[in-house]
Amino acid sequence: VVQTWHGSPMKRILLDALRDREDPRWYERLFEALQRRELQGLRWIVALGEPDAAILRGAFENQNVAITGYPKNDLLCESDTHWSVAPRWKQRFDRVILYAPTFREHGMVARPFSERGLTALEAALAQRNWGLLVKRHPYDTSLTIPSGLEHVIDVTDETPDLQELLAETDLLITDYSSVFVDFLLCARPIVFYTYDHDEYVSQSRKMYYDLYDTLPGPFVTTEAELVERILAVDTWAQEPAYLEGLAGMRRHFHRHLDGGACERMHALLLGSQDA
């Protein structure tokens, strides 16, 4: 059994998260023991680079971590994939923006968009014929987008494979999700919309990273700032400091940038590649 994983862990996961509990009950301890046994039975756990490999070794309590890259990410390294899950978005909009947030374990108290904010965002995007596609996390039951908007569209139910959406995306907007790590292979701009940072950090699982110390941003916390960053993307995303920060993130999280994960996975399964 090979665990192919996704992104790079931002929140504490698996056995790390279970160990963070205070005074666990007997059935929680039993679950931890059963999960430990299952995780230790994995033949390989696939990673992108040494930072997440180190995390996965501890969270899985399994040393069989291979830094091959993720096979599903190979298409993100291709300059022309010749296919798309949603070609109509490229045909309909001059730019495709993707909003892909993580879920809130404590329930979404603060919401990313107000009715007034969505109206302003819709108007700004319409002026440039840009489209913002919303892809909700599978565990998210709180985020809703009105169906009457033409430039802000929820595509969650029609697009199950996030990787194929990322291949279409000109600008990614996310929060505390590790989706940005996969998207780094595209070398396209990213905005971190952290409107509820203090609430999220205090009420969700502990984090492996302090985002503000680890990532170059840009970070926005209000709807007005988000619209401003979206409209000015051609300016700030070309600044040397941002391009250097983006390249630094790619080097930090990814050992391989060549789109050859499928070949390395094949060699690993045949026993002809070392971890």
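## Asp154 and its partner Arg136

With a relative accessible area of 26%, Asp154 is partly exposed. The model described here is predicted. Asp154 forms a salt bridge with Arg136, and the closest N and O atoms of the two side chains are 3.0 Å apart. This pair links distant parts of the chain: Asp154 belongs to strand β6 (residues 152-154), whereas Arg136 lies in the loop between β5 (130-134) and β6, 18 residues apart. Arg136 is buried because its relative accessible area, 17%, falls under the 20% limit.

## Salt bridges of Arg104

In total, the structure holds 12 salt bridges. Arg104 takes part in one with Asp175, in which the closest N and O atoms are 2.6 Å apart. Distant parts of the chain are linked by this pair, with Arg104 in the loop between β4 (95-99) and α5 (115-128) and Asp175 in the loop between β7 (171-174) and α7, 71 residues apart. Arg104 has a relative accessibility of 8% and therefore counts as buried. Asp175 is likewise buried, with a relative accessible area of 1%.

Arg104 also forms a salt bridge with Asp196, where the closest N and O atoms are 3.0 Å apart. Here too the pair links distant parts of the chain: Asp196 is placed in the loop between β8 (190-193) and α8 (197-203), 92 residues apart from Arg104. Asp196 is buried, its relative accessible area being 4%.

## A salt-bridge network

Side chains of opposite charge can pair when their charged atoms come close. A network of salt bridges links Asp16, Arg19, Arg21, Glu32, Arg36 and Glu61.

## Asp182: buried without a salt bridge

Asp182 is located in helix α7 (residues 179-183). Although buried, Asp182 has no salt bridge; the nearest side chain of opposite charge is that of Lys72, 4.6 Å away.

The side chain of Asp182 does make a polar contact of 3.0 Å with the side chain of Asn73. Beyond residues up to four places away in sequence, Asp182 touches Gly7, Leu48, Tyr70, Lys72, Asn73, Leu76, Gln163 and Leu166.

## Ala47 in strand β2

Ala47 is part of strand β2 (residues 44-47). Its relative accessibility is 0%, and Ala47 therefore counts as buried. When neighbours within four places in sequence are left aside, the contacts of Ala47 are Asp52, Ala53, Leu56, Val65, Ala66, Ile67, Thr68, Gly69 and Tyr70. Between the C-alpha atoms of Ala47 and Gln3, which are 44 residues apart along the chain, the separation is 9.2 Å.

## Pocket and cavity

The largest pocket contains about 820 Å³ of space. Its lining comprises 29 residues, among which His6, Thr102, Phe103, His137 and Ser178 lie nearest the centre. Helices α6 (162-166) and α7 each supply at least two residues of this lining.

One cavity of 30 Å³ or more is counted. The largest cavity has a volume of about 70 Å³. It is lined by 15 residues, of which Gly69, Tyr70, Asp74, Leu185 and His256 lie nearest its centre. Tyr70, one of these lining residues, is also touched by Asp182 and is in contact with Ala47.

Key. Residues are numbered from 1 along each chain as its sequence is written. This is a predicted model: local features need pLDDT of at least 70, side-chain atom pairs count only at pLDDT 80 or more; totals for chains, interfaces and linings use all residues. Side-chain values use heavy atoms; hydrogens and water are left out. Helices (H or I, at least four residues) and strands (E, at least two) are DSSP runs, numbered from the N terminus. Buried means under 20% relative accessible area, exposed over 50%, partly exposed in between (1.4 Å probe, protein chains only). Lys and Arg count as positive and Asp and Glu as negative; His and the chain ends are not counted. A salt bridge is a side-chain nitrogen of Lys or Arg within 4 Å of a carboxyl oxygen of Asp or Glu. A polar contact is a pair of N or O atoms within 3.5 Å; within protein, one must be able to donate a hydrogen and the other to accept it, and residues adjacent in sequence count only if both atoms are side-chain atoms. Contact means heavy atoms within 4.5 Å. On a 1 Å grid over the protein atoms alone, a cavity is a set of points where a 1.4 Å probe fits but cannot get out, and a pocket is an open set with protein on both sides within 12 Å along at least five of seven lines; lining residues have an atom within 4 Å of a point. Grid points are joined across faces, edges and corners, and a volume is the space filled by probe spheres set on the points.
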